[in-house]
Every structure is written in C-alpha cells, then in structure tokens.
Protein chains: 4
Amino acid sequence: MTTASESSSHNGSAIPRGQGGDALSVAAREIFAERGYHGASIRDIAKRAGLSLSALYYWHASKQELFAGLMEDSVNDYVQACDAALRGCGDDPAERLRAIVRATVDYRVRRRVESAIAAREIRNLETEHARRLAALRESATRLFQDIIDEGVRRGDFHCEHPTEARRAIQAACNAIPQWYDPDGDVGPTELADRYVAIAERIVGHRP
Amino acid sequence: MTTASESSSHNGSAIPRGQGGDALSVAAREIFAERGYHGASIRDIAKRAGLSLSALYYWHASKQELFAGLMEDSVNDYVQACDAALRGCGDDPAERLRAIVRATVDYRVRRRVESAIAAREIRNLETEHARRLAALRESATRLFQDIIDEGVRRGDFHCEHPTEARRAIQAACNAIPQWYDPDGDVGPTELADRYVAIAERIVGHRP
Amino acid sequence: MTTASESSSHNGSAIPRGQGGDALSVAAREIFAERGYHGASIRDIAKRAGLSLSALYYWHASKQELFAGLMEDSVNDYVQACDAALRGCGDDPAERLRAIVRATVDYRVRRRVESAIAAREIRNLETEHARRLAALRESATRLFQDIIDEGVRRGDFHCEHPTEARRAIQAACNAIPQWYDPDGDVGPTELADRYVAIAERIVGHRP
Amino acid sequence: MTTASESSSHNGSAIPRGQGGDALSVAAREIFAERGYHGASIRDIAKRAGLSLSALYYWHASKQELFAGLMEDSVNDYVQACDAALRGCGDDPAERLRAIVRATVDYRVRRRVESAIAAREIRNLETEHARRLAALRESATRLFQDIIDEGVRRGDFHCEHPTEARRAIQAACNAIPQWYDPDGDVGPTELADRYVAIAERIVGHRP
DNA sequence: GATGAATGAGCCTTCATTCAT
DNA sequence: GATGAATGAAGGCTCATTCAT
C-alpha cells in the first residue's frame, strides 16, 4: 500500500532509515491503521516486520515515539504538499481553493492508511508530540480558512458561515480514506475534480 | 440500558442498590468516548460507576458486549429519529433532505459522546455485533441516498455525482461532535440551519 | 446415572432433603465427577440443578461442605455395604474375600460417578473432613487386609506379600469406573465373578 | 523441556540467566502433582521456579501448553521404556510380560510425580493434546494385551478373561505412586519382582 | 425456600519495556 | 544492528461468597 521507499522521499522525520527501520515503519503503519494505537501491539509490529521485539527498540525509543514519528511524518508531508500546491498558484481565491482541495484529496488517497489513523488517534499522543501535531494541523486549517475568507471578501465566494464551509470541505475530504477503493473505477484525478466541485459549491463560488 | 437516571452523575460512591446497571452505562459511555475501545479499561468504568468490577460482570457479559450494547443503542436511536423525521414530511425531496439533515445534526449534538465513539470504533466490534450495526448504518445511508437520487430524478437537485454528494453531506454532519461546543454561541437549531444550507448547496438544489 | 431418590436411601449425610436439595446433590455429583473439585464451579452446579446460586447456599454452607457431604455419603455407603456383606458370611477367609470383592465391585459399578471422584479428589478436602474420610477408607482397607492375613495364617492363601496383594486387588477394583460401561455386555454380577477370580489368584487361594 | 539440571532444586532464588526453562519444568511438575491441573496456579509455579510470571510465558504459550508438554514428555518416556525393554527379549510371552511389568513399575517409581498426575488429569487436556496422549496410552495398552493374548494362545497363560487380566495388572501398577515411599524399605527392584509375581498369577502363568 | 445484586480475591494472559550479550 | 531472556504492571474475566429482600 505504502512503499518502503516512500519514507525515504523526504527527511525531518523521527524514523531512521535502513533495512530494518523501513520494514518496521511499514509494519507499524499497517498495524496502527488496522487496530488503532491502543489496539496495536508492538510485538505484532515487530513480527510483521520480520524482526525481533528488541530490534524495534533499537530503532525506536518507545511505542509512543514510533507512533508519533509516523504521524508527524505524514502530517508534515501533507503540509508541504499544500505549500507546494499553493506556491504554484496566483492569488485568485478560486484557483487557490481548487489547488488546496486537490492537494488534500491527493494526500488522502496517496497516504490512505496513515491518514486514516491520524484522523482518529491524535488523542493518544502525549503532550509534546500532540502539541507539535496540533500546530501542524492548524496551519493547514488556516490555509483553508484564509483562502475562503479572502474569496468571501473579494465577493468571489458567497457564503454566510465561512467557518462551517471550511469544516464541511475538510470533513468531506478527510472521510475519503474511509471508503475509497484504489482499485475502483474512480482515479485520483477524477476524484479530486469531484471534490473540487463540491468545495466550490459549499463556498458558493460564482465565477 | 438507556438511562433515565443519567442525571445522577458519577459522584464516586453511594450508588443505591439495584441501580448499578444505569450507572455502569453512563460511565461506560464516558470512558469509551474519552479513550476509545482499546484504551478503556473496564476496571476504570466500574470505578467511575462507583461499583466493583464484579458488579460490572453481573450486568454485562463482557467488555465487548457492554460496548456493543452502547453502540447499538445509539445507532438505533438515530435510525428511529430519521424515520420519525421523514414520516412528518411530504414527498418533496428538498423537504425530506432538510428533515434528515436536521435529524442527523440533532443526533450528533444530542448524543455527542457516543456518536463520536460509534464513528471511530465500529471496527472493534466482533462479527455478530458488527453485522447488525453495519446494517443499521447502511439503512440510514440509503435514506440519504434515495432522497438525493429522487431529487435529481425530479430535476429539483442538480448534481453530477449524487453518491459523492451524499458522502460529503454525511461526512460534514459526522464531524460535528469533533468540534461542537454545547456551551458555545451556536445552538442546535441554528447549527442545523447552517448544515441544511450546506447540504442544499452540495446537491445543487434550485427551488 | 445416579438417581435423586438414591440419596434418600440412607441417612447420616450432610445433605438435607427436599426438592431443590436433591437436584443440587445430583448436579454436584455429576459436575464434580466431570471436572474435579477445582475444575467445578458452584455456579454451574446451581445452573444444572435449575436453581439460583443463592439457593445452593441455602442448602449447603460452602463448596467444600457440599463436596465433603457427597464424598462422605458415598464412602459411608461403601463401608456399610462391606459390613453387611461380611455379616452374611461365616469365618472362612475365602468366602469372606469373595464377599468383600463382590461388595466392592458392586459399589464401584453402582456409584460409578462419585466413586471416581472420591478416588482422585480427597486431597482437596480440608483437614476435618479429610480426617473423617481417611479413617473410613482405612477401615475398609483393614477389612481387606485382615481377611487376607487370616487366609495366609490358615494356609488357605499362599502369598509372600499380603500387603501388595491387598493393594493390587483394591487397585483393580478401584479402576473399574474408569472403563466400565453400564450399557455394555458384562453385567454387574458377571463382572464381580471375574474380579473375585482375579482376587483369588492374587492371594494364591488353593481350596 | 526434559531436565538435565533437575538436581538444582527450587531454592527460591538466583536462577542463573538462561536456565529458567528448566526451573519452570521442575516447578510445574511438582505443583501440578500436588494440586492437580485446576488447583495449580501458574503464579505459584513461576514463584517456585524463582522466576516472574511473565518469564513463564516466555517459555510456554499457556498453562495448557505447559501442562500438556509435561504429560507428553512423561508418557513418551514410558512408551520408549517399554519398547526398549521388549527389544531386549525373545518372543516368550512370560519373559515379555515380566519385562513390560518391570518397565512399568520402574517408570511409576522413577517418575512418581508426573506419573500420578497423568493418571488423573488427562481429562483436562484439550482435544489436540488429548488425542496424542490417548494414542500413546493405547499403544502401551496394546503391548500389554498382545503379550497376554499370545501367552493364552500358546497355552502358557491360563485365564478366561484376558482383557480383565490386563486391566487388573495395569491398575495395580498405576496405583504404585499413590503409596510408594522412595525412602521406605522396598527398593525398586524388589518392588518390581513383587508385581511381576502378581502379574504372573493374574494371567495364570504355569511354567 | 429462594432470589437478584454486589463484592474482593484471584485467575490466565498480554502489555511495553529492559538488560546482557 | 540485532537477539534471547526476563520483568512489573495491567488487562479481561471467573471464583466462592454475602447481603438484603
């Protein structure tokens, strides 16, 4: 689903690289996604990675650290994807909204597995990690909100409750991993088109 | 299992004889909501209910059963609320959509606590219970979908992808418990109005 | 297997009579036999008797007491059967040996169920009960031993190690409940004949 | 699983690292023998072995598995002892009977402890293990029966009911651990002689 | 005679973690 | 880089027993 090499595509994460390290990350992602933080046992993670339990402790300081690393990894990835998408835009709110929705849908599809975890399991992070992650999330939320507010201000978007609009759009995108089937008929691009359309309707975009 | 005496909050002691069952349900709802299925310990549930662990087992056969009872209770409630709301409507799709969105928002606000659990934790139910709950859920989904499809057929709603529309509306409503503050400025009725408006936009309702 | 009325056929036991009381004794006998003392749960006993757990405590002071009552009941029965059998004999050791073996085989067949428990589970009796039961047992053992010793003294039996002979005879009889099928071809009388023959061989009886 | 270091008896502490497995087997044998399967607590087993409860689970998957391992170990040992004893014989039934009785008595004395458990507690084994053990037992029983039947066929043994004869012999030997005192006057060899004599009488051996 | 509700101790098992190698 | 052996805390659950009715 996610590949081992994927986690090598960027840095800044808490997860070291190497043969065993990657296998562990992959296994951890899967098992945390399947069973949630408390339902997952690091024994099972090590087993699925084909390593001993002690090896896991060589790579990661604790279950909490392993989990937090995964989450941060994933959310970092998302924020950077948003930034990149918006850097390629002018300042037209509609264009920017389309770009960020595209980036969001793309992320939810690409990182379906951990994306689903992140949505449900932040509450299991201890303070320090939780703070960092909450901050990252909020920064993404602000991106959304700023775009919408600006669109409203300019008279391009017409909606009475921009906060609710933002929540609705994000909720719709966040729910994608719950039902999306990567082997189904709808490809990522077509899916993004559909959610872009929904978002434009929610904000009341009239060109 | 549903609680009339829910008001007698958990003061830590002095549960009158014979009322242990209710106290347990209340405590279980809270703790499952706070920590999720695997994160919740039945010892803690019993403690919060002011009863012994063994008393919990007098009332409920297992953690799983206790949890499933709560979930079923709650989802049953929702389905009945939807049915009731739609029974009071004519056959105008727009009216029916408004009614079911109102019922949904109302439910998410009224039963914020277990509603949040249900959304995240069904996967922890074992087959038999899971089947029953999935069926209940689907029946609610079908209500939504039928209304939207009928609106499109009649030419009252204009949307190319009615399934996606339905998903977006449901996702938006489902997310409410994640942020809604019952002590905030927005009351349940006003909230419902806002989500009704969003839903009408998503399906492209033009009167 | 054993009948409720059976336990009314004598007195002196710790088990009161009455509707519920009998049902409990029967159920207890079965369950203790199936699972042993520690493996049996008084909940299951009450359930099989069709009574509530509290009712069991009306009839019996504790699990230990219930169990001990059964055992004493059964061993008393055996000792009395031996006495009766020997009272009907002259003082010929061979005749007496035949009588006591017959009584023993008969007892093992008639009270197959609790007889099997008694053999294995005395160690689970607490001191007071254990003492009484051990005494009863020993008295039966002495009956056997005296007969054999007397036979040897008189020159009717020829065996070098009368204690071992007694042990072998008793062990053979005690093992009957482990394999005997009351619905099989061999009836109790024929079975007794066979064990009488074995016993005579073991003690080296030559007429 | 079999114990070379059995001599290092349970002194309550200081099990050297890496030798926990043996200590556990020894302790388990003792405690299961003293209290039976259901009466034994694995906490007590671990304690007597001088290890933590978790260490027990490092070595054995469950109480059931630990117990089954012990039983199988012991019965395997017996079957092999019988085979070896018979391999050293000619085909004279009397000689063979003497050899197998000797092997049986020897086994009951040597492995007094677990031998007593095995006799009483097989019923506590779950299907898979139970099947294997029952098969092993039957193979030993068949050895006995074949010898006796052949003796009868040849006219060396004279008994009307060879099955009962076999049962009586086995029962007598099986009962040895219940009373035998290794520190008493009768040594294993003398004991075997006595039971050989009893067995020959039971089958009616006339040279 | 009998019951429903409740308890505390103990059960088997799994958990995340550590230590020595 | 990795492992095998061991741990203490906590998990869900069952036990024999009691109390009030």
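**Notebook: how the copies are arranged**

I began with the contact surfaces in this predicted model, and I found that 100% of the interface residues of chain C are interface residues in chain D as well, so these copies meet through the same surface.

Next I turned to chain A and chain B, where a turn of 180 degrees and a shift of 0.0 Å along the axis superpose chain B on chain A, with an RMSD of 0.2 Å. Here too I noted that the same surface serves both copies, since 100% of the contact residues of chain B recur in chain A.

I also checked chain B against the other pair: chain B and chain C do not touch, and their nearest C-alpha atoms are 13 Å apart, while chain B and chain D are joined by no contact either, with their closest C-alpha atoms 21 Å apart.

Last, I consulted the record for chain A, in which an unreviewed UniProt entry lists residues 41-60 as "DNA-binding region". For that span of chain A I noted 75% helix and 0% strand, and the C-alpha atoms at its ends lie 14 Å apart.

How values were computed:
Residues numbered from 1 in each chain as written. Chains lettered and ligands numbered in written order. Predicted model: local features only at pLDDT ≥ 70, side-chain atom pairs only at ≥ 80, totals over all residues. Contact = placed C-beta atoms within 7 Å. Least-squares fit on C-alpha atoms with pLDDT ≥ 70 in both. UniProt positions renumbered as here; feature names shortened; annotations may be inferred. Helix = DSSP H or I, 4+ residues; strand = E, 2+ residues; numbered from the N terminus.
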